[in-house]
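Here is a briefing on one protein model. Please look over the sequence and the fold before reading the notes.

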Amino acid sequence: MRDAESVTFSGGTLDRAAHLRGDAAALARLAADPTARTMVLWRGKPVLTGDTARLDWLPMDAAVLKEAGSPPIFLGLENGAPRFAHDVSAWEDPDADRDALTSFRDPSANQHPSFAPDQAFRDLRANMGDLSPQDAGNAAAAKGIFSWHQSHLFCARCGGASDVTEAGWRRTCRDCGAHHFPRTDPVVIMLIVRGNSVLLGRSPGWPDGMYSLLAGFMEPGESIEAAVRREVMEETSITVGEVGYLSSQPWPFPASLMIGCWGKATSQTIQLDPVELEDARWVSREDVMAAMDGRNPDLLPARHGSIARFLLDKWLADRVTLEL
């Protein structure tokens, strides 16, 4: 698809300037630059401003940064201006809705006392459909790297504690000196079609009526095509023939790369794996279109901003060409 790179979270515009990550003197100068700004996250939620969910880059002396428990990560340069990211998750919001924070899509807004009335920490997943491609992509980078640090505090080689190095883009073991770098988990997500219908499924715990494309993690030694066929077979017993690539999406929940593919089903009867899926069904193009328009009360489509919604929209618009 010509617009394959327009998927939400794929539009980051920062020059990552990796050559500066190990230069402590250069990083200090960049942090002191009057044009420097930082993206501040609290428990994975960036600062967004206004009803339009605009990503807010704060000055390096912002009052909320007093809550940061560690040095910032250097994200890169934006038109030559330094861009950093701070994690202030140690701050306790006395007004936080604990149930909302752990919900599928957190609708709550958390305001630090230093914020303006229209500033708040907001859930990236809940607001991804409103963010500009640039804001979404840049926020995904920061959220992904912080998530990786939170789950990789210790060395995978010897078990010793590790320290943040390379301006946040590496961890170094204190005991054995091993270097560890951020990892991204590849996930295949597939538009499986048969005639005029697409294969949709739903996982336990999803909102009532919500269906999406099937997806699953790739395994070692597996090609993208093989992963598509295996995942569809495991979850629904549907066999898939031809497979092709469509688009990709960084998915920072917590650190995946969604690889969007199409596949042609060579069978029709669904035998569900109840461990993987709560339900799966073939849905006609007309029924999917009605769901997108809010005219199908039994089917809640994939949410705006997800690659599943992107691929379904392109399929409905006949902009997905399946090679023969």
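Helix 5 covers residues 224-236, 13 residues in all. From first C-alpha to last it reaches 18 Å, close to the 18 Å expected at 1.5 Å a residue. That expected span is 1.5 Å times one less than the number of residues in the helix. The model is predicted: local features need pLDDT of at least 70, side-chain atom pairs count only at pLDDT 80 or more, and totals for chains, interfaces and linings use all residues. Residues are numbered from 1 along each chain as its sequence is written, and side-chain values use heavy atoms, with hydrogens and water left out.

- Helices (H or I, at least four residues) and strands (E, at least two) are DSSP runs, numbered from the N terminus.
- In helix 5, the buried residues are Ala227, Val228, Arg230, Glu231, Val232, Glu235 and Thr236.
- Buried means under 20% relative accessible area, exposed means over 50%, and partly exposed lies in between (1.4 Å probe, protein chains only).
- The buried residues of helix 5 pack against strand 12, strand 13 (197-202), strand 14, strand 15, strand 16 and strand 17 (279-284).
- Helix 4 has 19 residues and reaches 27 Å between its first and last C-alpha, close to the 27 Å expected at 1.5 Å a residue.
- Helix 4 is mostly covered, with 15 of its 19 residues buried.

**Pockets**

- Pockets and cavities are found on a 1 Å grid over the protein atoms alone: a cavity is a set of points where a 1.4 Å probe fits but cannot get out, and a pocket is an open set with protein on both sides within 12 Å along at least five of seven lines.
- Lining residues have an atom within 4 Å of a point.
- Grid points are joined across faces, edges and corners, and a volume is the space filled by probe spheres set on the points.
- The largest pocket has a volume of about 670 Å³.
- Its lining has 29 residues, and Ser203, Trp206, Ala215, Trp251 and Met258 lie nearest the centre.
- Strand 14 gives the most to this lining, with four residues.
- Strand 12 (185-194), strand 14 (214-217), strand 15 (240-251), strand 16 (256-265) and helix 7 (307-316) each supply at least two.
- By type, the lining of the largest pocket divides into 17 nonpolar, seven polar and five charged residues.
- Ala, Val, Leu, Ile, Met, Phe, Trp, Tyr, Cys and Pro count as nonpolar, Asp, Glu, Lys and Arg as charged, and the others, Gly among them, as polar.
- The second largest pocket has a volume of about 450 Å³.
- It is lined by 25 residues, with Arg16, Ala140, Ala141, Thr184 and Pro250 nearest its centre.
- Helix 4 provides the largest share of that lining, seven residues.
- The lining of the second largest pocket holds 14 nonpolar, nine polar and two charged residues.

**Cavity**

- The whole structure has one cavity of 30 Å³ or more.
- The largest cavity holds about 40 Å³ of space.
- Its lining divides into ten nonpolar, no polar and no charged residues.
- Helix 6 (residues 285-292) gives the most to the lining of the largest cavity, with three residues.

**Nonpolar cores**

- A nonpolar core is a set of buried Ala, Val, Leu, Ile, Met, Phe, Trp, Tyr and Cys residues joined through side-chain atoms within 4.5 Å.
- The largest has 50 residues, and those with the most contacts inside it are Met39, Leu75, Leu191, Val198, Leu200, Leu213 and Trp315.
- A second, separate core of 17 residues includes Met190, Ile238, Ile259 and Ala265.

**Single residues**

- Leu257 is found in strand 16 and is partly exposed, at 31% relative accessible area.
- Ser284 lies in strand 17 and is buried, at 18%.
- Beyond its neighbours within four places in sequence, Ser284 is in contact (heavy atoms within 4.5 Å) with Asn196, Ser197 and Trp315.
- The peptide bond from Phe253 to Pro254 is cis, with omega near 5 degrees.
- Pro254 lies in the loop between strand 15 and strand 16.
- Phe9 has a positive phi near 80 degrees and is buried at 2% relative accessibility.
- Asn79 has a positive phi near 55 degrees and is exposed at 85%.
- Asn79 sits in the loop between strand 5 (73-78) and strand 6 (81-87).
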